[in-house]
Amino acid sequence: MIKMINVKYGLLIMFMCFSYLVASQTVLGKWKTVDDKTGEEKSIVELYKHNGKVFGKIIEIFDKSKRDLPCKFCEGDDKNKPILGLNIIKDMEKVGDVYKKGTVTNPEDGKIYDCRIKLDDDDPNKLQLRGYIAFFYRTQYWKRIKD
């Protein structure tokens with residue numbers, strides 16, 4: 001009888017640990033952006049949920065000379081807003097294991113792309129961000145910042 005209770009508690013503990021690991025694998029949080037062409041770490045973007053959709057805001061810029069720049073090439077409400085604090089990822093919706101149906105803005109040129117984000121299949125601390133125009137796309141891999 002005691003062995004059966006111990007087995008039940010053991011299984012319960014294993015289930016709770018597995019549930020915690022699965023729940024911790026989310027795109028939400030802070031990510032270090034990495035330029036796909038140069039490999040340079042550029043900023044930190046915080047992905048957060050608002051009204052059921054995911055957004056991403058630049059919360060840190062590593063190059064001190066760019067910290068106070070406005071988004072002069074952005075359009076609409078984002079035009080001339082400070083890049084630091086700018087929501088560059090907007091309106092992402094979860095579809096299966098990816099987020100899509102939203103956009104990403106490149107604050108350096110103001111271009112807006114359809115966007116898809118997902119956790120890397122092999123490393124949940126790596127985020128795959130893909131910006132699309134028609135059939136053309138670019139992919140960046142961002143690194144999770146652990147608090």
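**Aromatics, then strands**

Tutor: Let's start with Tyr-132: its relative accessibility is 23%, so it counts as partly exposed. (Buried is under 20% relative accessible area, exposed over 50%, partly exposed in between, with a 1.4 Å probe and protein chains only.) Keep in mind that this is a predicted model, where local features need pLDDT of at least 70, side-chain atom pairs count only at pLDDT 80 or more, and totals for chains, interfaces and linings use all residues. Residues are numbered from 1 along each chain as its sequence is written, and side-chain values use heavy atoms, leaving out hydrogens and water.

Student: OK. And how does Tyr-137 come out, buried, exposed or partly exposed?

Tutor: Tyr-137 is partly exposed too, at a relative accessible area of 47%.

Student: How many aromatic pairs does a search of the whole structure find?

Tutor: Such a search gives 2 aromatic pairs. One is Tyr-48 with Phe-55, which is stacked, with 6.0 Å from centre to centre and 20 degrees between the planes. In the tilted pair, Tyr-132 and Tyr-137 have ring centres 5.7 Å apart and planes at 50 degrees. (Rings of Phe, Tyr and Trp, using its six-membered ring, pair with centres within 6.5 Å; under 30 degrees is stacked, over 60 edge-to-face, the rest tilted.)

Student: What about the chain as a whole, how much is buried?

Tutor: Of the 147 residues in the chain, 30% are buried.

Student: Which ring does the charged end of Lys-126 sit over?

Tutor: The ring of Tyr-141: the charged end of Lys-126 sits 5.4 Å from its centre. (The test is NZ of Lys or CZ of Arg within 6 Å of the ring centre and within 35 degrees of the ring normal.)

Student: New topic. How many helices and strands are there in the chain?

Tutor: The chain has 1 helix and 8 strands. In sequence order that reads α-β-β-β-β-β-β-β-β. (Helices, H or I of at least four residues, and strands, E of at least two, are DSSP runs numbered from the N terminus.)

Student: And what do the strands make?

Tutor: They make a closed barrel of 8 strands, running S1-S2-S3-S4-S5-S6-S7-S8 with antiparallel pairing. (Two strands pair if DSSP finds at least two bridges between them.)

Student: Then over how many bridges do S4 and S5 pair?

Tutor: S4 and S5 pair over 5 bridges in the antiparallel sense. Glu-93 faces Lys-100 in S5 across that pairing, standing opposite it.
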